[in-house]
Amino acid sequence: MPPIALNHDTSILAVENDNAEIVLWNPLTGKNLGRLVGHAGMVNSMAFSPTGNRLVSASDDGTVRFWDCKTQTNLETQPLTEPLFRVGLSENGICVAGLRTDNQVVAWMLPPQLIRPAGEPGILTSYFAPETAIYAIEI
């Protein structure tokens, strides 16, 4: 059974097809909203950001991808040493957590530009400390 994800306002349903692509639908109208293409292996899991416009996906190709659903673009690809079987986002959209196929849990913080698009309300101030790779966000 392919993974599916529904955003918080039910305006976007993401479904993996047989070609390692993610197809976006409006479940209320049945309209096809586009495709997210880039994974080289089966998509195992997906989760929407709190704003509902960003999607994170984990694949057998050993990558986690961050997508902009409005433009159908891959914002960033995170290569991993082991594929993730499940992926999720924290309620505030700042942290990604996943379960690897060897049952180890991994988690990391997202850079501010991946959390919410520029100009979208929510982030008032963001800080980055390159020497520690720590992001702090005031919302």
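Modeller: The largest nonpolar core holds 12 residues in all, namely Ala 5, Ile 12, Ala 14, Ile 22, Leu 24, Leu 36, Val 43, Met 46, Phe 48, Leu 55, Trp 67 and Cys 69. A nonpolar core here is a set of buried Ala, Val, Leu, Ile, Met, Phe, Trp, Tyr and Cys residues joined through side-chain atoms within 4.5 Å, where buried means under 20% relative accessible area, exposed over 50%, and partly exposed in between, with a 1.4 Å probe and protein chains only. Strand 3 and strand 5 each supply at least two residues of this core, and strand 5 gives the most, with 3 residues; helices (H or I, at least four residues) and strands (E, at least two) are DSSP runs, numbered from the N terminus. The model is predicted, so local features need pLDDT of at least 70 and side-chain atom pairs count only at pLDDT 80 or more, while totals for chains, interfaces and linings use all residues. Residues are numbered from 1 along each chain as its sequence is written, and side-chain values use heavy atoms, with hydrogens and water left out.

Strand 5, with residues 43-48, is an edge strand, as is strand 8, with residues 73-79, each pairing on one side only. They belong to an open sheet of 4 strands in the order 5-6-7-8, with antiparallel pairing; two strands pair if DSSP finds at least two bridges between them. Strand 5 is joined to strand 6, residues 54-59, by 5 bridges, and the two run antiparallel, with Ala 58 in strand 6 as the bridge partner of Ser 45.

Strand 3, residues 22-25, is joined by 4 bridges to strand 2, residues 13-16, in an antiparallel arrangement, and Ile 22 is there the bridge partner of Glu 16. The hairpin of these two strands has 5 residues between them, and Ala 20 in its turn has a positive phi of about 60°. Another 4 bridges join strand 3 to strand 4, residues 32-36, which also run antiparallel, and here Val 23 stands opposite Arg 35. The hairpin of strand 3 and strand 4 has 6 residues between the strands, and Gly 30 takes a positive phi near 80°.

Charged pairs complete the picture. Arg 35 forms a salt bridge (a side-chain nitrogen of Lys or Arg within 4 Å of a carboxyl oxygen of Asp or Glu) with Glu 21, the closest N and O atoms being 2.9 Å apart. This pair links distant parts of the chain, with Arg 35 in strand 4 and Glu 21 in the loop between strand 2 and strand 3, 14 residues apart. Arg 35 counts as partly exposed because its relative accessibility is 45%, whereas Glu 21, at 12%, counts as buried. Arg 54 lies in strand 6 and Asp 68 in strand 7, residues 63-68, so the pair ties together parts that are 14 residues apart in sequence. Arg 54 is buried, with a relative accessible area of 7%, and Asp 68 is buried as well, with 12%.
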